Structures are given as C-alpha cells and as structure tokens.
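Here is a short briefing for a reader new to this structure. Look over the chains first, then work through the points by topic.

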Amino acid sequence: MGPWGWLALASLLLAGLLAVSGRLPWRWRRRLGRLGFWLLLLLLFLYTVFPFYWAVVSSLRTGSALFSTELWPRDPAWDNYLSIFREQPFARNTLNSVLVAVSTVAVSLALSVAAAYALGRVSFRGRMPLLFTILAVSMFPQIAVLSGMFELVRAFGLYNRLGSLTLSYLVFTLPFSVWVLTSFMRELPKELEEAAIVDGARPLVLVLRIFLPLMAPAMVTTGLLAFIAAWNEFLFALTFTLSTEQRTVPVAIALISGASAYELPWGNIMAASVVVTLPLILLVLIFQRRIVAGLTAGAVKG
Amino acid sequence: MAAATEAGTNEPGPPPLRRGSALARQRVRAAWLFLAPMLLVLALVAGWPLLRTFWFALTDASLTDLRNYAFVGLLNFRYLLTDPDWWLAVRNTLVFTLVSVSLETVLGMLIALALHARFRGRGLLRAAVLVPWAIPTVVSAKMWAWMFNDVFGIVNELFLAVGFIDAPVAWTASPDTAMAAIIAVDVWKTTPFVALLLLAGLQMIPEEIYEAARIDGVNPVKVFFRVTLPLIRPALVVAVVFRTLDAMRIFDLVYVMTGNNRTTMSMSIYARQQLVDFQDVGYGSAAAALLFAIIAMMTVLYLMAMRFGREE
C-alpha cells in the first residue's frame, strides 16, 4: 500500500476511535460522528451504483476509447448498441426472455392464488406439513432436478424450445408464489368471508369475487418478484436451449464471444447488459415499496 | 435464486369456522380442490425430476440416450467420494458460503442500521441499495469481470493509484484471487437483500426502547449489542439461513466469471460439468443428489431448531 492509502486509513481509524472513545468534547464527537456518517453513506451510494454506471460508460465507448479509465464518457458512441441488434439476434433473445418470464408468472400466479386461499383461509389437517414441504421445495438446488428435468423436457418434445423454460421455471416460481401469497392471504380480516358464507356463497365465488380483488396488490408484488427470478435464470436456460435464436438474454450475454477468448467484445457485452438491466432497475424503482414488502413478507414475523 | 428467500414461518391464519360442521367439511373439500392443480404441477416439475435424479444416480445413464442404461448400485458414489476434484468443489463451496454469508451479514447489518437512521436523501439511498439486487446475476458477473480485467480494468487502476497493489493483478484468472473476486461480486449483489430483511426487523423494534437508553446516556455501541441485536435476532437468523442455503447451490456467478475452472469450481458446477459437458448423467446425478442431501440436511436442522425455539 502506498503512502496515501496508509494516510487515509490511519486518519479514518483515528477519527473513528476519537468519536467512540469519549476523549473529545461532546460537540466535536457529534460533528465527527456526523461527518463519518455522511462519508459512510456516500461510500455506500458509490459502492452500490458505480458498477452499473461504469457499465453504461463502457457501453458508450468503442475502439481504444474503451480502455480509458476516465469517469465521464466524452463523445459517446452508440455503435455497441447497434451492433448487438444487427450482428446478434439480441432482439429475439429479449423477446424470448419476455415470453418465458410472462408465461411463467401467469401460470404460477393462477395456480398459487387458488392454493393460497386453501392454505391461508381454511384450516384442515396436514396444512402445516404441506406448507413446510412447499417451503422445502423452494430451497431445492436447481442442479438436483436437472437430469430428471432434462428427461421430462425431452419427453414433452420441448428441448431447445421456450416451453422447456416455462415448465422448468415453475420449480422455483411456484413454491415461492404460494408461500408469499399465503402469507398475504392470512392478513385479510376474517369478517369478509363470514358475511359471504352466511349469504351462502360457494368457495369458488368467494375466491373470485372477494379474494381476487383484495389480493391484486399482493399478486402484483409476487408476480414482479417471480418475473425477476425468471428473467434472471441461467442454469436451465443454458442447459435446455441450444440454438442462438432460442436463447434468453442471460445466456446470450454469457456466451457473447469475440475472435478469441482473449478478445472479448466488452463494449457489446456492456451494451447488452445495460439493455436488459435498465427495465429491471426502472421496475424496481417504481415498485420499490411493494418489492420490499414482498421480500419481507413472512420472513420477519418468524 | 432470490426466489426462495422470502419464505417465513407464520402461524396459520385464523380458522373462520369451527371444525366438524357440515359447512366446515365442505370448505375443506373445496380447499383440496383449490390445492390440487398446484400440487399436481409441483409434483410434475419438482417431485418427479428429483426422484429421477436419485434413480439416475444409481445407473450409468448417458445424456445421448437416456432410455438405455444399467443399474450400477452405489458405484457412482464410490467414485465420487474418491475424486479429489469433488472434494475440492465441496471445499470451494463451503469457503464461498462461509466467507460471503459472513460478510453479507455484517455489511448488511451496517447498511440496515444506516438506512434506519433519519436523514435527508434516505429514499434515494434506499433505492440505490436495491440496484445491485435488481441486476441479473449474469450481468453483475460480466460487469465485474470487466472491472476486474487485468489490463484495462478500473479496479487495477484504482488500486494502483491508491497503492494497494504494485502491479496489475489478473483477478479472475489467478488462482490466488479468483475466489476472492467471486465472493466480492456476490457480496456486492446480495448484501442489499440482507440489509432490507434486517431493516424490516429493525423497524419492528419499538422506539421507546431506544428513548429509554438515550435518556440514560448509554453508549450507542452498547445499545446495539444489548438491545438491538437480541431483538433483531429472528430476522437475522432467517436472513443467514436463507442466504446460506442459497450460497450452497451457487452456479451462475462462478460459471460466468471463471467457467469450469478447477480452482473455483462449486458443487453445482461440478455436477453440471459431469452431467452436460461429459454427458455422464449417472455420475453427475450422483453429485447433484449429494448436494441435495447436504442442503436437505441443513434445512431439516434449521426447521427443527426453529420448532424448538418456538416451544420454549
């Protein structure tokens, strides 16, 4: 480590020690503490955001400019973006990802909202073991079902087709959706149902008329999280598709290669990365509160 | 990957009706009807393939023809347990899990504490923290691989400027640093998630407790260890357990950053290489089954511990 590094480290340590030790007057301790706090927040912000910023900057550079480490892209060039759509079927890959993620989400939401009603509102023998089995399935390592799933995919004639991904992604989106929707379903007041039952409503009517509208926000949250999981999946997509046209975006990005292993087209890779990530980041920023609520649903109450 | 981490351990909801009545019996019947489609699909995509994997593990099946194979008993497992590469994969996975989950927990706790404080721009920072979580793993792996590039990478540039290193380092190619690079990316990507879980836990602690400590003039560090940590323990345990189970099955990050390289190979990478690249479904399934057994054992231990915790 050079002299500047040591100096920075030493002064940080000293400031920290002084702030905690109680040797300084209260006012100074508070000022130091506040300065440290803001520095920490700044550092945190840079740490979380800089890598993506750097990908954006790199995606706007071509040729030898790519090797510059200047933090601001002077004369941005869009060649990389044009090239991933012209020289590679990247538009097709994106469409594949959308189709797979949307179909997976649709199937898992439909199946799991019905199941969540049963698990969340009706008390029957074997409910807890069932819930824990579903939780256990969501902890399955994907590799453990790979060979069996490969056989299944071939038996259905889905190898190298998008259907293989919709089918196999259910293994992680379904248990997760059931679990989260069940925990939301439980929080609805029981008076709702009692009135309807007294009126003689049948269970199916109950679910469609009363619970489905009330569950809409929870389903948006769950659907979003399932969408992100399906959009990001790599292992099954890598294994069950073969041709470039059938690939989803993560596999396409992972397999972008140059003239040789040592000449990866980093500009293209970064452009592709930005294209697939930007929509996700927007979604996450828009639905920030919902997503956090979904992620913590159930998890904290244990 | 993030799919499983949201689960929790709620008590069952309030049963709206007394058991035993005709109406209640009708409701239970309807409940099973509502459950049936989900259970059937789950059995098809999870139960059946898992059983087939266990069965294949006892055979010499090959990927080229999954129909013709011979039963070989525990032979695959015998080879597996004597393969130094498998043990290396086990070791790598354990090192990765231990180091990354520890770092994520400590860092996640710090970030959660920072985000729990009131300050201007908190909303912005909270959104920024979600960015790494939203980025696909493959993309994070590529982004960081570019930043870690030995010749043009900005990490080398930065570290050279500050003086942490004297010469450029091939972070992902060198056996000494490859695992550290992978862990760094995983920590970057997953810490936000841990932080959000912990933040939700922090927000459930009543304010009054802190006020009492503040009036008594207790040192903030002491407040953290004596008050916050015990109260946030349930959320902490859930976060650590789910992160651990998730880290044990790591695949995409390692695959994209270092491929099938031996020095960083995880158990999932090992199993897939045997299964797909070498077409040895029998042997690969044995490795996958063993990984499943390890994770299942950890899950069962966790569930048992939780049950005991509740009965206390």
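Two residues are in contact if their C-beta atoms, placed from the backbone, lie within 7 Å. By that rule, and not counting residues up to four places away in sequence, B:Thr97 touches B:Thr244, B:Ala247 and B:Met248. The model is predicted.

**Chain B overall**

- Chain B has twelve helices and zero strands.
- From the N terminus on, its elements read α-α-α-α-α-α-α-α-α-α-α-α.
- The C-alpha trace of chain B spans about 80 × 75 × 30 Å along its principal axes.
- Chain B holds 312 residues, and 44% of them count as buried.
- Take the contacts in chain B between residues at least 6 apart in sequence: 70% of these join residues at least 24 apart.

**Domains**

- In chain B, the domain assignment gives domain 1 (19-46) and domain 2 (57-311).
- The centres of these two domains of chain B, taken over C-alpha atoms, are 36 Å apart.
- In chain A, the assignment gives domain 1 (1-47) and domain 2 (83-296).
- For domain 1 and domain 2 of chain A, the separation of centres over C-alpha atoms is 44 Å.

**Where the chains meet**

- The interface pairs 94 residues of chain B with 101 residues of chain A.
- On the side of chain B that touches chain A, helix 1 (residues 22-56) of chain B gives the most, with 20 residues.
- That side of chain B has 73 nonpolar, twelve polar and nine charged residues.

**The nonpolar core**

- The largest nonpolar core has 171 residues.
- Its members that touch the most other members are A:Ala115, B:Leu197, B:Leu198, B:Ala287 and B:Leu291.
- A:Ala115 has contacts in both chains: A:Val178 on one side, and B:Phe34, B:Leu35 and B:Met38 on the other, leaving aside neighbours within four places in sequence.
- In soluble globular proteins, nonpolar side chains tend to be buried together.

- Helix 9 of chain B covers residues 220-248.
- A straight helix of 29 residues would span 42 Å at 1.5 Å a residue, but helix 9 of chain B spans only 35 Å between its end C-alpha atoms.
- Helix 9 of chain B has a kink of about 60° at B:Arg233.

- B:Thr97 sits in helix 3 (residues 84-116) of chain B.
- B:Thr97 counts as buried because it has 21 C-beta neighbours inside 10 Å, and the cut-off is 20 or more.
- B:Thr97 and B:Leu245 are 148 residues apart in sequence, yet 8.6 Å apart in space, C-alpha to C-alpha.
- B:Ile269 belongs to helix 11 of chain B.
- With 25 C-beta neighbours inside 10 Å, B:Ile269 also counts as buried.
- Leaving aside neighbours within four places in sequence, B:Ile269 is in contact with B:Ala89, B:Phe251, B:Val254, B:Tyr255 and B:Asn260.
- B:Ile269 and B:Thr93 are 176 residues apart along the chain, and 10.0 Å separates their C-alpha atoms.

**Helix 6 of chain A**

- Seven of the ten residues of helix 6 of chain A are buried, so this helix is largely enclosed by the rest of the structure.
- The buried residues are A:Leu146, A:Ser147, A:Gly148, A:Met149, A:Phe150, A:Glu151 and A:Val153.
- Just after helix 6 of chain A comes A:Gly157, with a positive phi of about 65°.

- A:Asn160 is not a glycine, but its phi is positive, at about 65°.
- A:Asn160 lies in the loop between helix 6 (146-155) and helix 7 (162-187) of chain A.
- A:Asn160 counts as partly exposed because it has 14 C-beta neighbours inside 10 Å.
- B:Gln279, a residue other than glycine, has a positive phi near 60°.
- The loop between helix 11 (267-277) and helix 12 (281-311) of chain B holds B:Gln279.
- With 14 C-beta neighbours inside 10 Å, B:Gln279 counts as partly exposed.

Terms used:
Residues are numbered from 1 along each chain as its sequence is written. Chains are lettered from A and ligands numbered from 1 in the order in which they are written. Domain bounds come from an automatic or database domain assignment. Helices (H or I, at least four residues) and strands (E, at least two) are DSSP runs, numbered from the N terminus. Ala, Val, Leu, Ile, Met, Phe, Trp, Tyr, Cys and Pro count as nonpolar, Asp, Glu, Lys and Arg as charged, and the others, Gly among them, as polar. The expected span of a helix is 1.5 Å times one less than its number of residues. The bend at a residue is the angle between axes fitted to the seven residues ending there and the seven starting there. A nonpolar core is a set of buried Ala, Val, Leu, Ile, Met, Phe, Trp, Tyr and Cys residues joined through C-beta atoms within 7 Å. A residue is buried if 20 or more other C-beta atoms lie within 10 Å of its own, exposed if 12 or fewer, and partly exposed in between; C-beta atoms are placed from the backbone.
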